[in-house]
Amino acid sequence: MSRVPLPEMPDRVPDQHSEARLAEIRREAAERGTVSGKGALPIGAPFPKATSETGYYGIPMLKEPQWTKEIPVYFFVGGAAGAAAVVASAANLLTDNRDLVRDARWVAAVGGMISPALLISDLGVPSRFLNMLRVFKLQSPMNMGAWTLTAFSTFAGASAFANLVRQKFGEALPVRLIENSSGVLASLTGMVLSTYTGVLIGATAIPVWNDHAVSLPHHFAASGVNSAVSILELLGHDDSRGLNLLGMAASAFEVYEGMELELSRDRVNEPLHKGLSGSIVRAGGILSGPVPLALRVVSLITGNMKMRRVACWASLVGSLLTRFGWVQAGHASAKDHRVPLQLPEKVKEIRKSSHELAA
Amino acid sequence: MNQGSTQTNGHRTTAFFTDSTLCIGCKACEVACKEWNQISEDGYDWSSFSYDNTMAVGHSTWRHVKFVENPTTVGLGGNAPGQLPSWSFSSDVCKHCEEAGCLEACPTGAIVRMETGAVFVQPDVCNGCAYCVVSCPFGVVEKNEEDGRAFKCTFCSDRQKAGLKPACAQACPTESIQFGEINQLRQHAEDRLKDLQAKGVDDAVIYNPVDTSVKGIHAFFLLRGDPRAYNLPPQPEVPTIYQKKAWTSAAVAAGAMLGATLLAFLGDNRR
C-alpha cells in the first residue's frame, strides 16, 4: 500500500438547508418540468481541483520523511555526546577539574554507544547498517554522518576507557596519551556530529529544511552544547563556572535563533509557526532559549542552585523538543504542495458549477 | 542531433517521452508495470478525485496516470461553457534526473546510474535509511514500510538489457509513452510540439527542466496547460546545491562551538 495522504477536505454532511433546497428542486421539476436557480452543493464541495493555481487536487507533490521517532532522538543524543567530548577536551586542557573531565568523557562515550543503536533501529533493513561504510561518499551527508558517528564512538569510547584504566590502576603515561589523543579526536569528530545533522536535513528537497540550510547547523550545535552542559551539571558539576558560562552562551544563541525563526513569516516557514510542528518548535525554542538563560542569570545573581537545575532540565527538554519539532516541520512542509509548485498566494475561483453556468 | 554523442561505453542513453496529448487514461502502463515488476497492489481506496485513485507514484506505483479535469470555462478541445468538462491524462513516472537527488544522497551507494542513463535502486544493497525519500525533488522514491527498502521505477533495466522496451511503453496502446535514444526522442518531442502548435494547440508545452540544477530529465513530458496542474514543479532543484552553504555553516558552527567552550573554561582554571 502506497501512503499518499489525502489533502484536507471539508467534512460536510447533508444539512437541513441543502436538503430543503433539494426537496424544492424536486417539487419544481415535477410541477414545471424545468428547474431555475441554483442547486445545492453536494457533500464534500467545494471539490479539489487540478489547475495551475491549486496543483494536482492538492495532493502533496513531495514525499514525507519516513524516519522513525529514533531519528530526532538520535539528533539529540548525538548532539549532546559530540558537545560533551569537546567539553572534556577543553576542561582537560584548561582546568584541574578531573571529575568533570571523567564525566564528560563518559557522557560522550555513552552517547556514542546509544547513537548507533538509534540509527540502526531506524533502518528498514538494520542488518545492512554496514552498507553505509562500504562507500565513502562526500556528497551524501548521511554517509558522512555514518562515518563520523563510527569514528566518534570509537574515539569517545577509547578515551573514556583509558580514563577508567587510569583511575583504577593509577597514572601511566601511555594510557594518559591514549586518553588525551583519542579525546582530541573524539572532540573533532564530535564537532561534526553535533553540526552535521543540520546539513543532513538542510540539504534535502523539503522546503522548510533547505530554507534553513545555513542556520540549522548552528541551531543544532547550540542545542547540542546546551544539552551536554545540562547533563554534566545535573551529574553534579553545578559548581563549574565554565559550564554555567557555556550554558548561558548556548541559551543566548537559542534566544537569537528563536527570534530569527519567529520573524521568518513567509509561506515556506509556516510549519514553524502553525499546527503541531509549530507548537513543538516554539515550545522547544522557549525551553532551550529564554527560560534557561533567565534562570541561569538569576541563579548567578542570587546564588540559588535550584534555579540552575531547573534551567538544565528546561534546556534538555527544549533541545529534545527542538529536534522533534524540526522533523515534524519537515512532515508538514512535505505535505504543503503550494511551496514546491510555486502556486500563487491567492487562488481565484476559476471553476463554476454546472448550475452556476446554467443560471 | 549527433547520435554518437550519447554513446557511453557502447551503450546508448535511453529515455521516455510521455506525450500526454495522446494519452487516453487507460492505465495499461500502470498494469503492465505492476505485472512485469511484480509490485504489490495499492489497495482499493477511492480518492474521490476524478477517476484517479492511485494519486501519486510511490514504492508500489511506478507509473501513475494523472487525470486532470479541465474547467469548462477554459475550453480545451472546443468546449464551450455549459458543456461537459474535458480531461487531460498524463502518465507520470520517475524522471531519471540528469542530476539525481536520490542518487547523490544515497549513503550506501545502492542507487546507481545504469549504462542506459537510468537511475536504479539496487535492492540487494539498499538498507532502507529513507534519505533518498527526502532528497527527491519530485517526490518519487518511497520506502516500503513492510519490506524496509526504497523502491521506484527501474526503467525496466532488466528488459532493456534484453533489448526490450520498458513494459509501460510496450503496453501503451496509443504510443503516448515513447521509448528510445534520448536525443532522437528530444528531437521528436520538439517536432511534435511544433506540429501541435501548427494545428492551433497553443497551450502545449514540453516539461523538461534543463535550466534548473536537475539539468534535465530522462523522462520528459508533453503537456497541455500548466505543468503545475500535473503536480510537476516549475523549478525542481537537486538538494546537493544546498550542501556547500550547509557544510560551510557547519564548519563555522563547529569552530564557534570549540571557541566558546575554550573561552568558557579559560577563566575556570585551577579551582
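Reply: In chain B, the C-alpha centres of domain 1 and domain 2 are separated by 44 Å. Domain 1 covers 7-237 and domain 2 covers 240-271, with bounds that come from an automatic or database domain assignment. Please keep in mind that this is a predicted model, in which local features need pLDDT of at least 70 and side-chain atom pairs count only at pLDDT 80 or more, while totals for chains, interfaces and linings use all residues. Residues are numbered from 1 along each chain as its sequence is written, and chains are lettered from A and ligands numbered from 1 in the order in which they are written.

Chain B holds six helices and ten strands, where helices (H or I, at least four residues) and strands (E, at least two) are DSSP runs numbered from the N terminus. Of its 271 residues, 51% count as buried; a residue is buried with 20 or more other C-beta atoms within 10 Å of its own, exposed with 12 or fewer, and partly exposed in between, the C-beta atoms being placed from the backbone. Among contacts in chain B with a separation of 6 or more, 62% join residues 24 or more positions apart. Here a contact means that the C-beta atoms of two residues, placed from the backbone, lie within 7 Å.

Two loops of chain B deserve a look. The loop between helix 1 (28-37) and strand 2 (63-70) holds B:Ser40, and B:Met55 lies in the loop between helix 1 and strand 2 as well. B:Ser40 counts as partly exposed because it has 15 C-beta neighbours inside 10 Å. Its C-alpha atom is 5.8 Å from that of B:Ser60, 20 residues away along the chain. B:Met55, by contrast, is buried, because 23 other C-beta atoms lie within 10 Å.

Most residues other than glycine have a negative phi. B:Met55 has a positive phi, near 75°, and B:Asn231, also not a glycine, has a positive phi of about 60°. B:Asn231 sits in the loop between strand 10 (219-224) and helix 6 (243-266) of chain B. With 28 C-beta neighbours inside 10 Å, B:Asn231 is therefore classed as buried.

Now to the partner. Chain A touches chain B through 79 of its residues, which meet 74 residues of chain B. On the chain A side, the elements giving two or more residues include strand 1 (50-51), strand 2 (55-56), helix 2 (70-94), helix 4 (141-169), helix 5 (173-202), helix 7 (215-234) and helix 8 (241-263). Helix 5 of chain A gives the largest share, eight residues. By class, this side of chain A has 47 nonpolar, 24 polar and eight charged residues (Ala, Val, Leu, Ile, Met, Phe, Trp, Tyr, Cys and Pro count as nonpolar, Asp, Glu, Lys and Arg as charged, and the others, Gly among them, as polar).

Helix 5 of chain A also packs inside its own chain. The axes of helix 2 and helix 5 of chain A come within 7 Å and cross at roughly 145°; axes are lines fitted to C-alpha atoms over the stretch in contact, and angles run from 0 to 180 degrees between N-to-C directions. Contributors to the contact include A:Gly78, A:Gly79 and A:Gly82 from helix 2, and A:Gly183, A:Ser187 and A:Gly190 from helix 5. The residues of this contact comprise ten nonpolar, eleven polar and no charged.

As a whole, chain A has twelve helices and two strands, and 53% of its 359 residues count as buried. Its C-alpha trace spans about 105 × 55 × 30 Å along the principal axes. Residues 24 or more positions apart make up 75% of the contacts in chain A with a separation of 6 or more.

A:Gly170, between helix 4 and helix 5, is exposed because it has 8 C-beta neighbours inside 10 Å. Between A:Gly170 and A:Val298, 128 residues apart in sequence, the C-alpha distance is 41 Å. A:Gly236, in the loop between helix 7 and helix 8, has 11 other C-beta atoms within 10 Å and so is exposed.
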